[in-house]
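Subject: Handover of a structure and notes on its contents

Dear colleague,

Please find below the structure for your attention. My notes on its elements follow directly after it.

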Amino acid sequence: MPDLEDLYREIILDHYRNPRNRGELETPPATRAEGFNPLCGDEVIIYVQVAEGVIEDIKFGGQGCSISQASSSMMSAAVKGRTVEELQQFNHAFRSMMSIEPDPDDPAPTNGNSPDVKLGDLEALKGVVKFPVRIKCATLSWHTLTQAVEEAIADS
Amino acid sequence: MALDPGTIRDDFPIMCRQVHGRRLVYLDSAATSHKPRPVIDAITDYYERFNSNVHRGSYQLAVEATEALEEARRKVANFIGASRDSEIIFAKNATEAINLVARTWGRANLGPGDPVVITELEHHANIVPWHMLTAELGIELRWIPIRSDGHLDLTDLDRLLDGARLLSVAAVSNVLGTINPIRQLADAAHEAGALMMVDASQYTPHLPTDVTEMGADFVAFTGHKMCGPTGIGVLWAKSELLEEMPPFLGGGEMILNVTKEGFSTAAVPWKFEAGTPPIAEAVGLGAAVDYLSGLGMEQVREHEVALTGYALRTLNQRYGDDITIHGPTEPAERGGVLSFEYKGIHPHDVAQVLDRSAVCVRAGHHCAKPLMRVLGCAATSRASMYVYNDESDVDALADALADADVFFIE
């Protein structure tokens, strides 16, 4: 079997123990979305405040395993202050790292086909691919953020 | 004579396999049990010697296949104390059996505001079909609460049953292990004019089942948790109810006559078994009940009580306040299902670490999300035991649990 150390890297455990951006934002002006992993019962709640195409603030809540919590924390740190366009690039790069086929409904990155996105800390989640049942734990927060941002844009 | 899990393990070919180079420690029998050699052989034998479609063939093979299917029905009827073989309806699983009751008896007999009573510890299989009838017919769903010790809180039972049409309860909780007082509940339901349904999915594999003693009107269970194959479940119901219930699915096998204008139904039980039935699976289930009868269900239960007691003592002594095991503390009041929380580590992570030691447990909501909410957690780790488990499996679980500290406890 793959080493558990590949899954539980120190940086992941650090985000799990000391989550960044955990909390709530007032709605409105923020938008709230909930995501569920029906397999294991994990729940993630994303609050996002989008103004003029920029993710001004993001918080997350809910309950989940170390992978889903660390992924939420890392994601929030990565996208805070970024544009919605950059978020799409991150999302695309992250899904590709998770070996997930591009979703035809996903908006394609607008600055070319293979944007050179630096995932930073998020790279640590690469080991999750070796544990296929855990991929959904890592991607749940991304799905939920995408949903929240779409709702925020639709409402504005 | 007490069961000898060491000998029993030899009957289960999968127990020979290694996982990650280690002996398999299978503690997920509440999800599905393993299959003993006689069950696997019966299925193979069916395909090698009898395979053909049932009920309408006049040739020898079809006669034998039909006889094999009906023989399996007889065995199951005998195993659960049914007074007639025709009271055994083969379904896909317990979920389908419960849905069958909701879709046929429920639709024919329930209307807006009619109360159906269930409990907070039900599996989704005994919740969602009733939610669906709430949406479709406007029935009222009522919930018997649970106490903090994992038993049902029956304080308000009379009020909850007032005007009720059906009480539907799991005989054993798949999360807490709680054995519910089915006879008492059935008597109370009948006194209130309601029918009684029992979800026996976690009961029939582990305790001697007698549907008459239960006092039930409907009993549902599944084959794959009791050494049988997947794809076969059972609904037992009283003959007079089955006679009156409309059919479930329409198609071949379930008809007496079909014209351009309509159809008439076959006799019970075939009225409820549209299409080619799961013949090989029924034969496998027949072999499974033979196997369990050979062990003796009293002995199966004695073994479970002893091993559950050992597991509760071992885990509590070793981990004290670091472990919370949900459900009744007395082995005699519960099945061998141990849902636990360990040091606040998420169950998904606990199960992942245990897998490294080839210890198989389930992590999640166990298809009982309303119960999880009552327990105040989103998920638990669950170890569940069966006839092939012994103290060494419990020890392996206890040892492997400590490995989680390496990653998650600073």
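In these notes, two strands pair if DSSP finds at least two bridges between them. Helices (H or I, at least four residues) and strands (E, at least two) are DSSP runs, numbered from the N terminus. The model is predicted: local features need pLDDT of at least 70, side-chain atom pairs count only at pLDDT 80 or more, and totals for chains, interfaces and linings use all residues. Residues are numbered from 1 along each chain as its sequence is written, while chains are lettered from A and ligands numbered from 1 in the order in which they are written.

Chain A

Strand 1 (residues 31-37) and strand 2 (residues 42-51) of chain A run antiparallel, joined by seven bridges. Asn37(A) stands opposite Asp42(A) in strand 2 of chain A. Four residues lie between the strands of this hairpin, where Gly41(A) takes a positive phi near 85°.

Strand 2 of chain A is also joined to strand 3 (residues 54-63) of chain A, by nine bridges and again in the antiparallel sense. Glu43(A) has Gln63(A) in strand 3 of chain A as its bridge partner. The hairpin of strands 2 and 3 of chain A has two residues between the strands, and Glu52(A) takes a positive phi near 50° there. A residue is buried if 20 or more other C-beta atoms, placed from the backbone, lie within 10 Å of its own, exposed if 12 or fewer, and partly exposed in between. Seven of the ten residues of strand 2 of chain A are buried, so this strand is largely enclosed by the rest of the structure.

As for confidence, pLDDT (the predictor's confidence in each residue, from 0 to 100) averages 86 over chain A, and 90% of the residues score at least 70. Over residues 109-114 of chain A the pLDDT is below 50.

Chain B

An open sheet of seven strands in chain B has the order 4-10-9-8-7-5-6, with mixed pairing. Its edge strands, each pairing on one side only, are strand 4 (88-91) and strand 6 (140-144) of chain B. Within chain B, strand 5 (residues 115-119) pairs with strand 7 (residues 166-170) in the parallel sense over two bridges, and Val116(B) stands opposite Leu166(B) in strand 7 of chain B.

Helix 2 (residues 37-50) and helix 10 (residues 279-295) of chain B pack at an angle of about 150°, with axes 8 Å apart. Axes are lines fitted to C-alpha atoms, for helices over the stretch in contact, and angles run from 0 to 180 degrees between N-to-C directions. Among the residues that meet are Ala42(B) and Tyr46(B) from helix 2 of chain B, and Val283(B) and Ala287(B) from helix 10 of chain B. Two residues are in contact if their C-beta atoms, placed from the backbone, lie within 7 Å.

Contact between the chains

The contact takes 16 residues from chain B and 15 residues from chain A. Helix 12 (347-356), strand 16 (362-364), helix 13 (369-375) and helix 15 (404-408) of chain B are the elements that give two or more residues to the chain B side. The largest share of that side, four residues, comes from helix 12 of chain B.

Yours sincerely
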